[in-house]
Amino acid sequence: MKNTNDLSALKALYINCTLKKTPRMSHTRALMEVSMDIMKSEGVAVEHLRFVDHDVAYGVYHDMTEHGEHKDEWPAIFKKIEEADILVIGSPIWLGEKSSVATKLIERLYGESGNRNEKGQYYFYGKVGGCIITGNEDGIKHVAMGTLYALQHIGYSIPPQADCGWIGEAGPGASYNDEESGAKNNDFTNRNTTFMTYNLLHLAKMLKDQGGYPAYGNSRGDWDDGTRWNFENPEYR
């Protein structure tokens, strides 16, 4: 079956929220590469970065150096996020939760979510999000649930089956990139990673082709100007 959709105009950014700085091996990166390779084969422009490699301050303002921090690389990272049609967050599982690095990323994204696009909508409308989770303890669905909820809450669109992951046996043991795990031959993980990747691409393509979402009924700018569309205040019925 041949893909008749030209996806080459799309851009995807993968942010790896491993705790390990480059050049240490990241199991999360290894699984992210499966998805990235699919996108690259479809002509999509793909970029990957490790969040922990960058000196990003804590906070919810665009540039925390304007609020007392000595350094903040978030504005440069956010420019990449702005340019991407698709954002994929990768995280290991720690104590059943996403990494502290992933939480920091989501907090910084949240700080930008009140901005508006040219239609007066919240800023991330029209962009697509997904997540990739790895670990050797249970928790893929739990971590994905929180991550995808956060992304949709700030305006990202989430397609069907927008997460994938791999976990080994509970407790210490082989992780995704360890040869003895056999993870790279796991059909369930490979299938879900493939489906997730194409679902992200299909939704991003549809949204890009139609210029995002119509502004009717969801523009904060119009609401602030007094537009109420078909809303009626119950007090006046």
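Read from the N terminus, the elements of the chain follow the order β-α-β-α-β-β-α-β-α-β-α-α in this predicted model, and the secondary structure amounts to six helices and six strands. The radius of gyration of the chain is 19 Å, close to the 18 Å that the globule rule gives for 237 residues, so the chain is as compact as a globular protein of that length. Along the principal axes, the C-alpha atoms of the chain fill a box of roughly 65 × 55 × 35 Å.

Turning to the interior and the surface, 44% of the 237 residues in the chain are buried. Among the contacts in the chain with a separation of 6 or more, 74% come from residues 24 or more positions apart. The chain exposes about 12700 Å², of which carbon and sulfur atoms supply 51%. As for charge, the chain carries 25 positive and 33 negative side chains, and the centres of these two sets lie 2 Å apart.

The cysteines deserve a separate look. A disulfide is a covalent bond between the sulfur atoms of two cysteines. With a cut-off of 2.5 Å between cysteine sulfur atoms, the count comes to zero disulfides. For Cys17, the closest cysteine sulfur is that of Cys131, and because the two sulfurs are 11 Å apart, they are too far for a bond; Cys17 is also buried, with a relative accessible area of 0%. For Cys164, the closest cysteine sulfur is likewise in Cys131, and the separation of 7.6 Å is again too far for a bond. Cys164 is buried, with a relative accessible area of 2%.

Technical notes: Residues are numbered from 1 along each chain as its sequence is written. This is a predicted model: local features need pLDDT of at least 70, side-chain atom pairs count only at pLDDT 80 or more; totals for chains, interfaces and linings use all residues. Side-chain values use heavy atoms; hydrogens and water are left out. Helices (H or I, at least four residues) and strands (E, at least two) are DSSP runs, numbered from the N terminus. The radius of gyration is taken over C-alpha atoms; the globule rule is 2.2 Å times the number of residues to the power 0.38. Buried means under 20% relative accessible area, exposed over 50%, partly exposed in between (1.4 Å probe, protein chains only). Contact means heavy atoms within 4.5 Å. Accessible areas come from the Shrake-Rupley method with a 1.4 Å probe; for residues, only the protein chains shown count as cover. Lys and Arg count as positive and Asp and Glu as negative; His and the chain ends are not counted. The place of a charge is taken as NZ of Lys, CZ of Arg, CG of Asp or CD of Glu.
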